[in-house]
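Welcome! Please take a moment to look at the structure below, and then let us walk through it together.

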Amino acid sequence: MTSNRSDVPTPYTASAPRPAPDRAALRARIPGWGVDLDPADRPSGTVEKIDEAAAERGMPPRQGLDPRRERSIEHAFLTPVYGTAQPLHGLSGRIRRLGYDRFSEGRAAHWLLLIAGDRVEAIGAHLRSFATTRPDNPITETGVLSEARRHPIRSRFGRGRVDQRHTWLDPVLVAGPWVLAAWGVFRLVRRAVRRS
């Protein structure tokens, strides 16, 4: 379908591709179009300039080395500046430290230990929440209630969703730890009641 009017673009087809618009027309129509074409127009142009004096001075002064800070074994030293706000602590910190001290970043064991440390930290955070006035609520925080209200069947099937293959596993991963914890508490309470 073509049009005699010059302001109506013709539809794109493989046999007759539409020519690219003129750069000046795009710059006039779209504010900020092409800012990275000319280095003089780039917003980061001043940052991209090389400071010759800094290049001659070499590396910046290093932050004091902290033996508690994790460092991969393939690096000779820590980066010049690093964060110290969240030091490794507890059992999760020991697991992560093992991953950094023993295994290279190219090994799956390194990353699996970091994931295991993260899971241990998450479980510890859940347990610590029960000592507060606002403990974790698995019903509202996992989205189970909204899942039932937002067309759960229609939104999952017939849409080509990638996560459809592991949908059956999601309830096990989300609710499983809570069910196991409730079962453990039930067993402890029952044992305490039988002893008394």
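## A partly exposed tryptophan

Trp178 has a relative accessibility of 22%, so this residue counts as partly exposed. Please keep in mind as you read that the model is predicted.

## One aromatic pair

How many aromatic pairs does a search of the whole structure find? The search turns up one. Its partners are Phe130 and Trp178, and their arrangement is edge-to-face. The ring centres are 6.0 Å apart, with 85 degrees between the planes.

Where do the two partners sit in the chain? Phe130 belongs to the loop between α5 (108–129) and α6 (138–141), while Trp178 is part of helix α9 (residues 170–195), so the pair ties together parts that are 48 residues apart in sequence. Phe130, with 47% relative accessibility, also counts as partly exposed.

Where does α9 bend? Look at Gly176: the helix bends there by about 40 degrees. A proline, Pro177, follows within four residues of that point.

## The largest pocket

The largest pocket holds about 390 Å³ of space. It is lined by 16 residues, and those closest to its centre are Thr142, Val144, Asp170, Pro171 and Val174.

Which element gives the largest share of this lining? That is α9, with five residues. At least two residues each come from α6, α7 (144–149), α8 (152–156) and α9. Sorted by class, the lining of the largest pocket has 10 nonpolar, three polar and three charged residues.

## The second largest pocket

In the second largest pocket there is about 340 Å³ of space. Of the 15 residues that line this pocket, Ile123, His126, Val174, Pro177 and Trp178 lie nearest its centre. Val174 was named among the residues closest to the centre of the largest pocket.

Two or more residues of the lining of the second largest pocket come from each of α5, α6 and α9. By class, this lining has 10 nonpolar, two polar and three charged residues.

Key
Residues are numbered from 1 along each chain as its sequence is written. This is a predicted model: local features need pLDDT of at least 70, side-chain atom pairs count only at pLDDT 80 or more; totals for chains, interfaces and linings use all residues. Side-chain values use heavy atoms; hydrogens and water are left out. Rings of Phe, Tyr and Trp (its six-membered ring) pair if their centres lie within 6.5 Å; planes under 30 degrees apart count as stacked, over 60 as edge-to-face and the rest as tilted. Buried means under 20% relative accessible area, exposed over 50%, partly exposed in between (1.4 Å probe, protein chains only). On a 1 Å grid over the protein atoms alone, a cavity is a set of points where a 1.4 Å probe fits but cannot get out, and a pocket is an open set with protein on both sides within 12 Å along at least five of seven lines; lining residues have an atom within 4 Å of a point. Grid points are joined across faces, edges and corners, and a volume is the space filled by probe spheres set on the points. Ala, Val, Leu, Ile, Met, Phe, Trp, Tyr, Cys and Pro count as nonpolar, Asp, Glu, Lys and Arg as charged, and the others, Gly among them, as polar. The bend at a residue is the angle between axes fitted to the seven residues ending there and the seven starting there.
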